[in-house]
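Hello,

Here is the structure we talked about handing over. Please take a look before reading on.

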Amino acid sequence: MKMMGESWAELGSRIAGLMFVWATIQQFFPHQLRAYLDKLSDKLLGIVYPFVQITVHEYTGGRRNEVYAAIENYLGAKSTAQARRLKADMVKNSKSFVLSLDKSEEVTDEFRGVKLWWVLKESVRSPTTFSLYRSAPDEKKYYMLSFHRKNRDIVAGAYLSYVMEEGKALELKNRQRKLYTNKPNDSWGWEGKHLWNHIVFEHPATFQTLAMDPKKKQEIIDDLIAFGKSKEYYAKIGKAWKRGYLLYGPPGTGKSTMIAAMANFLNYDVYDLELTSVKNNSDLRKLLVDTSSKSIIVIEDIDCSLDLTGKRKKKKKGKSGEEEQNDPLEAKEEENEGDDGSKVTLSGLLNFIDGIWSACGPERIIIFTTNHKDKLDPALIRRGRMDMHIEMSYCKFEAFKVLAKNYLDVDSHPLFETVGRLLEETSMSPCDVAENLIPKTASKEVETCLNNLVEALNKAKETARSNAEKEAKTKKVSARRYGHWMKMIGKLRRKNED
């Protein structure tokens, strides 16, 4: 063993010496001769080493490579069975480990009698002066596929297509939905990588448990089913395969729960976009490009995210002195002032929704939520951008019955009639109704919970009546004061005329 080790060390030393001598000799050759020698050495190497290598990098053009992800899924089972060194990760709320190929580990594969070798490699680049804000070096992962050159056509054609199909099928089968949120711009990695943070999406909401009018709920379900089956239709009419939903209504009416129910129904990822942390329109486009297909992009409380209303160009006076009207759909507004605030504009957001960049990926849903629909710019929520407007209203009797079933597991009760009448006479959000239905002890005290709700509804009704009386009294006083001042103005005007 000792002699064998010494032999290998001697061989390595000789090869290194020859490479050094060859590199030194090349410096004295003319450029044309060096090019010829390079070709000759490549041919000689091809005779000695008849293998072809294909590399697939994890990131290309600043975003994660879908081919890399498909290969990762495809090699998952094979690496567990063959590899000697594996990497173990724990999935949240799971008792088992997820095993994957460790770096520099090789896995063999066979396709139509062709033998192939996969290996995961990693190159590390130290931070440069342009990326000093990063605390760690830049790591680049890539898969390297090796095979005999005589099988080039089979590998480049049928085999790689097979790997892509199998990898995507495994991804759909084992997919874990994720909830993403965008990072602040100053924390983006090299070349724009890692624009989003994510966690496992585990919201339990479904359409079955959603407190809403059954007819309206079924309309939304039918619309989502139709969208998922409309790939050919969208291609036929020449539109990007996407759909927009506007959810509007008072706080506590279930807008966020509706988004979770949609994601669970379609098995889509959710991208929660925080506009205030996006620096400008260009970065907004980068975030859009970095989202995946089969996803829901959400901007909650869009009327509060940015000042996107009232930012159109001011009316200009024409030669006649009259104010010229701007096109109401024109969105060439000025950017927000200030170095620290977001400079995302209305036109940038409109391009994000249905501009040319919105077609960068298929099967996406864009959802806006707001408490005040009237505050939004008409150009932002017109049909074609927000295709379906869904009003999330106060709790009515049909929605209450869903909540009673969810929280108390009852379909009927003598107090249901009283609750239904009170819900018609006052406004209470589903969130407040649910809060009163939650049992305060381990045992489900149906009678007690329903009585609590009746009491809360009566208090809300009395408060609304009292507020209405105060408002009417205030208006009456204001009207008297207005009449008094008008009389005073009239007397002064007559006195001046005399």
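Below is what was found, from the whole chain down to single residues.

Please note that this is a predicted model. The chain has 498 residues, and 37% of them count as buried. Its secondary structure comes to 15 helices and 15 strands. The chain exposes about 31100 Å². Carbon and sulfur atoms supply 54% of that area. Take the contacts between residues at least 6 apart in sequence: 67% of them join residues at least 24 apart.

Which domains supply the lining? Domain 2 (179-307 + 343-391) and domain 3 (397-489) each give at least three residues. Two helices, α12 (397-408) and α14 (430-437), each supply at least two residues of this lining. By type, the lining holds 9 nonpolar residues, 7 polar ones and no charged ones.

Last, two backbone details. Asparagine 267 sits in the loop between α7 (255-266) and β12 (269-272). Its phi is near 60 degrees, a positive value in a residue other than glycine. Aspartate 409 also has a phi near 60 degrees, again positive in a non-glycine residue. Aspartate 409 lies in the loop between α12 and α13 (416-425).

Best wishes

How values were computed
Residues are numbered from 1 along each chain as its sequence is written. This is a predicted model: local features need pLDDT of at least 70, side-chain atom pairs count only at pLDDT 80 or more; totals for chains, interfaces and linings use all residues. Side-chain values use heavy atoms; hydrogens and water are left out. Helices (H or I, at least four residues) and strands (E, at least two) are DSSP runs, numbered from the N terminus. Ala, Val, Leu, Ile, Met, Phe, Trp, Tyr, Cys and Pro count as nonpolar, Asp, Glu, Lys and Arg as charged, and the others, Gly among them, as polar. Domain bounds come from an automatic or database domain assignment. Buried means under 20% relative accessible area, exposed over 50%, partly exposed in between (1.4 Å probe, protein chains only). Contact means heavy atoms within 4.5 Å. Accessible areas come from the Shrake-Rupley method with a 1.4 Å probe; for residues, only the protein chains shown count as cover.
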